[in-house]
Amino acid sequence: MNNSELWRSVLAQMQFHISKANFATWFQNTEIISKENEKIIISVPNAFSKEWLSNKYNKQILKTLHDIDDSIKDLEFVIKPQPAKNAPQKSIIDNLERPEEIQLKFEEFKTNKETNLNPRYTFDNFIVGSFNELAHAAALAVADNPGFTYNPLFIYGGTGLGKTHLIQAVGNKIGDELKKKKVKYISSEKFVSGIVQAIRSNNMEAFKASLAPIDVLILDDIQFIAGKNKSQEEFFHVFNSLYEKNKQIILSSDRPPNAIAELEDRLRSRFEGGMIADVSLPDYETRLVILKQKVQEKNMDISEDVLDYIATNVKKNIRELEGALNKLLVYNKINQALDVEIAKKLLKGFIFSPFDVANYKKIIETVAKFYNLEEKNLFDPTRRKEIVKPRQVAMFLLRKELKYSFPAIARKFGGKDHTTAIYAYKKITQENEENNKLTEELNLIKQGIYSA
Ligand code: ADP
Ligand code: MG
């Protein structure tokens, strides 16, 4: 495979992981320029792309490269400015097609130009389970009384778990029911580049004025603002002026405010001043419900055992779940004979991810073994120190490695109150920072979990 073929297949994979707009923005005019030993050198058009790709997609790109060619162990981005545009070149990404988008045009949804909201994201098609119920309840409350319930509303969680869906659902509900309210959804990258441009062209006042009439400002993936000092400063003022007028602010992030490094303290404390709620991973039952709902939404037919197979095996997040389903639906449309065997073949890439080898059983097993306990001891209702700590470590790892929700962890440990799980997670997190011995223990346990 030559470099351009290699890059082409990486791009083809990457587009499944990110939105079309993002994909076009960040991967336009990129290419592999060389391979030096185990390292791939990728050229990007500017510093902005470089920063963004290396912060956000480094791991994913490397993994994809490595999956294709396992001699590749490292990558580097270099800036290669584009020649002036007179004869527009057709880049690789213009030729790529997303199979599910081309073949599965079930329903066309257009983003609203005024609000930037996509009407496909509603509360009606948002499945609620213990993994997201707090976030859902908070979002509904905000939609019913924007500006006065929780301000800001801060939703965090891993990728593909429904943050964008949920915060857009709030916007859509307000837009439908309170027609006079002006809602605006902006991705944080767009927001930041808006600020940067405004600063550059000396138009900050106009930029701020354009935000002033907004009643509900929704900023997606706000962690993106971290480290961008000028943008944080301007956003701080925007935040305050909206907040003072009881305008609703809704934020999403891949982590809670206290875990966003390089976030100004005054912004952090603003973010923490409202409601913070997480979305985590759905369990098997919920995954099945989500699949059924998607099948119904698309008006398709797919057998129960195939759905069961997907729900059992595709665990990473809801976006992957949808991706897996779409892949099968495309097949099913052309060739009706979809069964579990075929599903197994088609879904290979969704299931055996090297980043997905930990599971509940391994964690319990490894923790018990490490502390010389029997597995059942971890569940003993005792306050003995020799048991309490290993139990807290197990809870911590279920959360940290598997993204279990706190209520789910509590249920696993004999229906304890979920605050016990939160307490265990916080305690171990804190000790991990202060206590080298614990850090070492955790590393060893993790090695055990991931090597088994
Ligand atoms: P995030 O913003 O957290 O990365 P998204 O909101 O983009 O995740 O969700 C990824 C996909 O999964 C979207 O297509 C979304 O509609 C779907 N999805 C996420 N959560 C749910 C849910 N609770 N019910 C139904 N679909 C969901
Ligand atoms: Mg999102």
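**Figure 1. Contact between domain 2 and domain 3 in the predicted model.** In this view, 7 residues of domain 2 are in contact with 9 residues of domain 3, contact meaning heavy atoms within 4.5 Å. The two domains bury about 780 Å² between them, with 57% of it on carbon and sulfur atoms; buried area is the accessible area (1.4 Å probe) that two parts lose on being put together, summed over both. On the domain 2 side, Asn125, Ile127 and Gly160 lose the most area to domain 3, together 53% of what that side buries. Taken over C-alpha atoms, the centres of domain 2 and domain 3 are 32 Å apart. The chain is divided into domain 1 (3-95), domain 2 (114-279), domain 3 (284-351) and domain 4 (355-450), with bounds from an automatic or database domain assignment. Residues are numbered from 1 along each chain as its sequence is written, while chains are lettered from A and ligands numbered from 1 in the order in which they are written. In this predicted model, local features need pLDDT of at least 70, side-chain atom pairs count only at pLDDT 80 or more, and totals for chains, interfaces and linings use all residues; side-chain values use heavy atoms, with hydrogens and water left out.

**Figure 2. The shell around ligand 1.** Ligand 1 is surrounded by 19 residues, each with a heavy atom within 4 Å of the ligand. The closest are Arg120, Gly160, His165, Lys294 and Glu322. The shell comprises 5 nonpolar, 9 polar and 5 charged residues, where Ala, Val, Leu, Ile, Met, Phe, Trp, Tyr, Cys and Pro count as nonpolar, Asp, Glu, Lys and Arg as charged, and the others, Gly among them, as polar. Domain 2 and domain 3 each contribute at least three residues to this shell. Helix 7 (163-177), helix 12 (284-297) and helix 14 (318-334) each supply at least two; helices are DSSP runs (H or I, at least four residues), numbered from the N terminus.

**Figure 3. Polar contacts of ligand 1.** The pairs shown are N or O atoms within 3.5 Å. A polar backbone atom of Ile127 lies 2.8 Å from a nitrogen atom of ligand 1. Oxygen atoms of the ligand are 3.2 Å from a polar backbone atom of Leu161 and 2.8 Å from a polar side-chain atom of Lys163. Taken alone, ligand 1 exposes 560 Å², of which the protein buries 95% (Shrake-Rupley method, 1.4 Å probe).

**Figure 4. Backbone geometry at Pro152 and Asn299.** The peptide bond from Asn151 to Pro152 is cis, with omega near -5°. Asn299, although not a glycine, has a positive phi of about 60° and lies in the loop between helix 12 and helix 13 (304-313).

Methods: Polar contact = N/O pair within 3.5 Å; in protein donor to acceptor, adjacent residues only side chain to side chain.
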